[in-house]
Amino acid sequence: MASQKTISALAEIESSANPQNKLQLYNDLLSTTVSTTSEPQLANDLIYYLDSVLSEDISIVTARPILDSFIGVLQKLNAETQIKVGQHAVSLLQSRSTSVEEQDARIREILADAYEAEEEYAAAARALQGIHIDSSQRLVSDSAKVRLWIRIVRLYLEEDDTTSAESFLNRIKNLPSKIEDHELKLHFKLSQARILDARRRFLDASQEYFNVSLAAGVDESDRLQALAAAIRCAVLAPAGPQRSRTLATLYKDDRATSVEEFGILEKMFLDRLLNPEEVAAFSQRLAPHQLARTADGTTVLDKAVVEHNLVAASKLYENITTDALGVILGLKASGDLTAGEKAEAYAARMVEQGRLSGSIDQIDSVIYFESNTAAMGRHIRQWDAGVQGLSEGVERVAASIAEGFPDFAIAQTAQ
């Protein structure tokens, strides 16, 4: 409820017949109200003030300059008052929005700032969505549109609302003109990476984060953060040739040793088995959506680690029983499935998708790997066996000669 002083002052102004005099009286009252009213009461008085200014009795020509003064005052208030008064102002302006689009936009921006300060990101995004940008009354450049949409995208991403964020990112993509501002380009790429990340398109997200880490004009600390994000996404991606290429690119980057994720990156690139302690330490640096459980009760990280260790095992063994593989992969029996059956299911899926070379003997429960490393090991063993066979043959010939021609053998030994 407005104070009696404000109610009486506004009644007096409304009864004035001179429009020019009204403008001055409204501005004077606004200054007095702000300087003499305490914060808890100020919001109520300003709301009552707005009701008077935007009533049908006040022409829009008179209301515009009064609103401009009001916006200057609103900018200086605390976030709580800005939200309470700003919401009411936006609601009142809806019926006159075509006539006061500039003022409506400015109030919405102040309201969004206040919501953001209170960490109400979705509310801030909705406030900005109401700004009219396609109107004959107000010319908005493509650059200004992009800046507005990028901010809305980032606000929705703070709430993990990737659907709403992506819809505004697509508006930017559909603009006929390209983004020229370097800073906006960076924000666009980073937003795109975060959306891909949230949608679990980890390989694509890793590439976008990596591009941001290489872009000009980025602080060194931000570069390393983007590089670390690229590594995390690469680790979470499904095992296979494409991820191997991504891991190789990241591993060969000279900056990779500067981030905490380098240890797990190195092991994955070199196809070494990951132990539970390393995986647990890595999981501490993941975002909540990266640790969300899937339909089968496992996390994306669990699946990525099992698939990686399966590939690593294929480099060490030519064949292995499914039960032994289940132990190596750290799988546990659950429901009707044993650890070996789970290992077989993982291997079968990867073989079917072309991410692992091998075959499965389901009768004997044995998996046969056809990796390059295993093939190389087999060829080396075949070569060793051949050399050993040749040496044994030469030795047998020498023994036969010594037995048949002892004098010759003794003479050769003496020499």
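Visitor: Which residue of β3 is the bridge partner of N319?

Guide: The partner is Y368. This is a predicted model, in which local features need pLDDT of at least 70 and side-chain atom pairs count only at pLDDT 80 or more, while totals for chains, interfaces and linings use all residues. Residues are numbered from 1 along each chain as its sequence is written, and side-chain values use heavy atoms, without hydrogens and water. Strands (E, at least two residues) and helices (H or I, at least four) are DSSP runs, numbered from the N terminus.

Visitor: How many bridges join β1 to β3?

Guide: Two strands pair if DSSP finds at least two bridges between them. Here three bridges join β1 to β3 (residues 366–369), and the two run antiparallel.

Visitor: Which strands stand at the edges of the sheet?

Guide: The open sheet has the order β1-β3-β2, with antiparallel pairing. β1 (319–321) and β2 (358–361) are the edge strands; each has a single partner, so one side of each lacks a neighbour in the sheet.

Visitor: At what angle do α8 and α10 pack?

Guide: Two packed helices are described by the angle between their axes and the distance between the axes. Axes are lines fitted to C-alpha atoms, for helices over the stretch in contact (heavy atoms within 4.5 Å), and angles run from 0 to 180 degrees between N-to-C directions. For α8 (residues 142–158) and α10 (residues 182–198) the angle is about 30°, with the axes 10 Å apart. Contact residues include I150 of α8 and F188 of α10.

Visitor: How many residues of α12 are buried?

Guide: Buried means under 20% relative accessible area (1.4 Å probe, protein chains only). In α12, 12 of the 17 residues are buried, among them R223 and L236.

Definitions and conventions
Buried means under 20% relative accessible area, exposed over 50%, partly exposed in between (1.4 Å probe, protein chains only).
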